[in-house]
Amino acid sequence: MDHYDAIVIGSGQGGTPLSIALAEAGRKTALVERQHVGGTCINVGCTPTKTMVASARIAYLVRRGADYGVRCGPVDVDLTKVHQRKESVVLDFRAGEVRRLERARTELILGEAHFAGPKAVEVRLTAGGTRALTADTIFINAGARPARPHVAGLDSVTALDSTSIMELQELPEHLLVLGGGYVGLEFGQMFRRFGSAVTIVQHGKQLLSREDPDVAAEVYKLLEADGIEILLETEAAGVHASASGVALDLRGPTGERTITGSHLLIAVGRVPNSEQLNLAAAGVKVDARGFIPVDDRLQTNVAGIYAMGDVKGGPAFTHISYDDYRIIRNNLLRGGQSSTRGRLVPYVVYIDPQLGRIGLSEQEARAQGRAIRVAKIPMAWVARAVEKAETRGFLKAVVDAETRQILGAAVLAVEGGEIMSMLQIAMMGKLPYTALQDGIFAHPAFAEGLNTLFTSLDKYQ
């Protein structure tokens, strides 16, 4: 057996920087990766999807040329070129991750790892054979993958997921999307802008089930205006092949019906990559869904074994995985006392306009019994949005009625993620909303909308 100070399983956005930090601190470290360095984010998540979203937005803007007095001809999207551009960006990012590991002299082992004991890992090497490793400390950063629902007939048809849909080289004539969450909406709008007909099937009463109803309703209106058919409160009862490609048997408010399309995208959540790890051999517990519970310092129930990123459950965002790395680094290498308790969790749904979210929603704040005030204005009240002809969406903030602290925000706007981040910084600095209400922001900028947003608390309430 080869003994290490630390073994990191999975080279995602938590595992790679952690293995580098450990190696640079003088600890003999092995990083085990079963497929591509960089994990979900770089290879099949953030980087490729947002690269393709950018292409879709260009197609959208060209079609809107007349709104700006610009004459444009018919728009034709070359999906092969879109795919090539996506691949180029992914390969560049992936190569950059490998170079970082090489500079730090972290040992990269390509293969699939599973536990052989509390401090022992066996790796089935990609090149063939196995290696037995031991370490004093082990970090699980195995990630998650698209979930596959139990729908009758699903195994009899070709169904896409968030990974395989990005490998298409020809445009779907009609894309059926099962799931109205972040993934389903991003891909649905993307392919609608590329030129596909799109139908989204959502089992719940609204899209984006965790958002406030007014946010979900506005997103529904935006996507419907883009030409997307949306079926709410609708369940998939079965799937079968059809002459056009695939057919979905549905049960909804108006009864049973069947819709057909050329392609089917399954976008109903993600499941952890934990079942192949043989966690029982190490005594590591998992919950009913296979996620690995951890304490506020990311340690599992077994001393010396940690879990980070998507495999531990909770918010499945790259920036959370990276913050997991920072917590472990600070505690193990710098003698810190970092914790997951009370950390703000920002996220952005990369539809267009973007939905940037931070902190408590209005529903969550009211459910906690807080005394709150809600500020909300349409983007049509923001000068920069009018000038850019991008007035879809709104700004919304929840504030504490007594302390005037900002508790949370939903920003549905062009570059909504950037505007949301300004509010996050104010929350991190514990600024009262009046600091933004009276702040001097450059004109004309989207940031000025924050003046108007918080002025509305006093002027219109």
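A residue is called buried when its relative accessible area is under 20%, exposed when it is over 50%, and partly exposed in between, with a 1.4 Å probe and protein chains only. By that scale Arg 100 is partly exposed, at a relative accessible area of 30%, whereas Glu 97 is buried, at 7%.

This is a predicted model, in which local features need pLDDT of at least 70 and side-chain atom pairs count only at pLDDT 80 or more, while totals for chains, interfaces and linings use all residues. Residues are numbered from 1 along each chain as its sequence is written, and side-chain values use heavy atoms, with hydrogens and water left out.

Side chains of opposite charge can pair when their charged atoms come close. A salt bridge here is a side-chain nitrogen of Lys or Arg within 4 Å of a carboxyl oxygen of Asp or Glu, and a search of the whole structure finds 29 of them. The table lists some examples.

| Pair | N to O distance |
|---|---|
| Glu 186 and Lys 50 | 2.9 Å |
| Arg 100 and Glu 97 | 2.9 Å |
| Arg 193 and Asp 226 | 3.8 Å |

Glu 186 counts as buried at 10% relative accessibility, and Lys 50 as partly exposed at 27%. Arg 100 and Glu 97, by contrast, both lie in helix α4 (residues 79–104), 3 residues apart, about one turn of the helix. Helices are DSSP runs (H or I, at least four residues), as are strands (E, at least two), numbered from the N terminus.
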